[in-house]
Amino acid sequence: MADSKPKYVLIKDYIRSNIESGALQKGDLIASESKLGQQFNASRITVVRAINDLVSEGLLRREKGKGTFVAEGMIREGVLRLKGFTERFEKKGNRVSSKVIITDIRPFPIELQNKCHQVDFKEALYVKRVRYVNDYPLCVQHTFLNPKEFHWILEENLEKDSLFRLAEEKYNMVLGDGYQYIRVGQQSAQDSKLLNIAENEPTLAIISEAYNDQNVLISCDLSYYRKDRYEYEIAMTR
């Protein structure tokens with residue numbers, strides 16, 4: 001008796017069973033859409049529907065120009081203490097690295113100024129970095145630094161060292177409070193390319209502001225996180 005399930009469900013079940021059995025491992029490239037279409041005698045639209053469902057479920061991820069891969073798993077966090085990117089993810093046992101794209105001096109964007117509780121500088125030291133976790137691009141980070149507090153930044157290697165760790169351990173800065181704002185991201189085409197995602201693919205945008213122990217704003221950054229690799233958890237009690 002022929003299977004009564006729709007073909008897109010059969011394709012989903014086939015891919016899922018291969019993942020569950022170990023035939024497909026995390027990071028493996030799955031068969032192309034054309035091969036799956038031939039195997040199941042299905043149209044491209046049907047195959048794409050099946051793959052999109054599995055991407056939405058977090059089992060697969062797409063990489064522009066390369067294909068569809070078995071997802072490595074979601075990175076989840078809920079930040080309650082002021083920590084730098086490196087400290088946050090290394091604490092969970094991940095490998096963290098960075099690639100600096102731009103370092104210069106530029107106006108502190110009005111959009112970010114308006115988010116901050118207090119601002120006493122208009123020109124900022126700007127650093128744009130791609131942040132990698134386990135060798136995979138997780139976010140693009142645009143950081144605007146208080147030039148009085150981070151006058152030393154151009155002398156340091158931010159691909160090797162943690163910004164906050166340097167500030168505390170080498171330059172004796174005492175960190176205070178911080179705040180975060182979360183929204184749907186609208187990153188640039190260049191940022192999408194750095195994250196290996198489609199230009200119109202949504203991201204999770206997080207604006208973070210950090211203060212020292214004297215309640216002076218020291219940094220504000222806007223980071224775009226890949227939605228298929230990162231989620232933010234908030235614990236609630238009643």
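Colleague: Which residues in α1 meet α2?
Modeller: Lys7, Leu10, Ile11, Tyr14 and Ile15 of α1 meet Leu36, Gln39 and Phe40 of α2, where contact means heavy atoms within 4.5 Å. By class this contact has 6 nonpolar, 1 polar and 1 charged residues, with Ala, Val, Leu, Ile, Met, Phe, Trp, Tyr, Cys and Pro counted as nonpolar, Asp, Glu, Lys and Arg as charged, and the others, Gly among them, as polar.

Colleague: Before we go on, what kind of model is this?
Modeller: This is a predicted model, in which local features need pLDDT of at least 70 and side-chain atom pairs count only at pLDDT 80 or more, while totals for chains, interfaces and linings use all residues. Residues are numbered from 1 along each chain as its sequence is written, and side-chain values use heavy atoms, with hydrogens and water left out.

Colleague: Back to the helices, then: at roughly what angle do the axes of α1 and α2 cross?
Modeller: The axes of α1 and α2 (residues 33-40) cross at roughly 115° and come within 11 Å, and the two helices are therefore roughly perpendicular to each other, a label given to angles of 65 to 115 degrees.

Colleague: And how do α1 and α3 cross, at roughly what angle?
Modeller: The axes of α1 (residues 7-21) and α3 (residues 44-56) come within 8 Å and cross at roughly 50°, so α1 and α3 are oblique to each other. The contact is made by Lys7, Tyr8, Ile11, Lys12, Ile15 and Arg16 of α1 together with Thr46, Val47, Arg49, Ala50, Asp53 and Leu54 of α3, and by class it has 6 nonpolar, 1 polar and 5 charged residues.

Colleague: What does isoleucine 19 touch?
Modeller: Isoleucine 19, which lies in helix α1, touches Leu24, Leu59, Leu60 and Val70, not counting residues up to four places away in sequence. The C-alpha atoms of isoleucine 19 and leucine 60 are separated by 9.8 Å, although these residues are 41 apart along the chain.

Colleague: New topic: which elements give two or more residues to the lining of the second largest pocket?
Modeller: Those elements are α3, β1 (60-63) and β2 (67-70).

Colleague: And how does that lining divide by class?
Modeller: The lining of the second largest pocket divides into 3 nonpolar, 7 polar and 8 charged residues.

Terms used
Axes fitted to C-alpha atoms, helices over the stretch in contact; angles between N-to-C directions. Helix = DSSP H or I, 4+ residues; strand = E, 2+ residues; numbered from the N terminus. Parallel < 35°, antiparallel > 145°, perpendicular 65-115°, else oblique.
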